[in-house]
Amino acid sequence: MALSRFTRAGRARSGRHTVPPAADTELVTTLYQRFGGQLLGHALRLTGGDRHWAEDVVQETLVRAWKHAERLERDPDLLRAWLFTVARRIVIDARRSRGARPQEVDPAPLDRVQVPDRTEASLAAMVVEEAMSALSQEHRDVLVHTHLQGRSVNEAAELLGIPAGTVKSRVFYALRALRRALDDRGVTQ
C-alpha cells in the first residue's frame, strides 16, 4: 500500500478526531508493516537490548507518526529517517527523565531488612562503664591501657611510669574487682 494516499481527513479544527478514520488505522498498520522490524532493531540498540522498552519506543514512535500524519514525508527514505529520529529522541528523553528523578523503590522489602539491634551492646557498655567507675583510679588506668587500648604490659608500664610487674599485678586485681562489681550488678558470664 502506498504511503502517499494517506491524509488526515476526519480531523476537526481542534486537532481531535471526530470519528477515527480508517485511513489513520491503515497508516499506522502500513508504517508498522513497512518499518516495524527496522524500527524495533534500532530501538533495541538504543535501549541496550531491553526488548520491553524497545517495544514501548516503537509504539510511541508510531503514535507520534499517527498524530503528525499530515506533516509526514511520503518518501520512504525520509519517512524512515523521521521515524528513527523520533525513536532516538524518545529514548534520550526517557534517559534524561530517569536521571532527573530518583528511582522509585518499593518500600515493602525495607520491612524485611534486618537491622542489627545494638541495644544489648549499649546496655552492656553502660553497665561495664558503671562497674569501672567503682574501681580505683590505678586499676582503671591499667585496664584502659592494656584491655581497652590494646597496649602491652611494657607499653602501659612506660606510659604510667610504673614497673611492668606492678602493671601485671594491678591488671590481675583490677579484673578481679571488675568481675565482683559486675556480679553485684547482676551481670553473669
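1. Start with the largest nonpolar core of this predicted model, which has 22 residues. A nonpolar core here is a set of buried Ala, Val, Leu, Ile, Met, Phe, Trp, Tyr and Cys residues joined through side-chain atoms within 4.5 Å; buried means under 20% relative accessible area, exposed over 50%, and partly exposed in between (1.4 Å probe, protein chains only). The residues with the most contacts inside this core are L31, L39, V57, V58, L72, L79 and L83. Helices α1 (22-46), α2 (51-67) and α3 (76-100) each supply at least two of its residues, and the largest share, 8 residues, comes from α3. Helices are DSSP runs (H or I, at least four residues), numbered from the N terminus.

2. Which residues does V57 touch, leaving aside neighbours within four places in sequence? V57 is in contact (heavy atoms within 4.5 Å) with A43, T47, A87, I90 and V91.

3. Now look at G37, which lies in helix α1. G37 is exposed, with a relative accessible area of 60%. Its C-alpha atom is separated by 9.5 Å from that of V58, 21 residues apart along the chain.

4. Next, follow helix α6 (residues 137-148) to helix α8 (residues 164-184): their axes come within 9 Å and cross at roughly 100°. That makes α6 roughly perpendicular to α8, a label for angles of 65 to 115 degrees. The axes are lines fitted to C-alpha atoms over the stretch in contact, with angles running from 0 to 180 degrees between N-to-C directions. On the α6 side, the contact is made by E138, H139, V142, L143, T146 and H147; α8 brings V167, R170, V171, Y173, A174, L175 and L178.

5. In α6, H139, V142, L143, H145 and T146 are buried. The buried residues of α6 pack against α5 (119-133), α7 and α8. Just after α6, G150 takes a positive phi of about 70°.

6. A friendly word on confidence: pLDDT is the predictor's confidence in each residue, from 0 to 100. The chain's mean is 82, and 85% of its residues reach 70 or more. Confidence is lowest in helix α4 (residues 108-111), at a mean of 68, and highest in helix α7 (residues 153-160), at 93. Over residues 4-19 the pLDDT is below 50.

7. Finally, the ground rules. Residues are numbered from 1 along each chain as its sequence is written, and side-chain values use heavy atoms, with hydrogens and water left out. In this predicted model, local features need pLDDT of at least 70 and side-chain atom pairs count only at pLDDT 80 or more, while totals for chains, interfaces and linings use all residues.

Definitions and conventions: Parallel < 35°, antiparallel > 145°, perpendicular 65-115°, else oblique.
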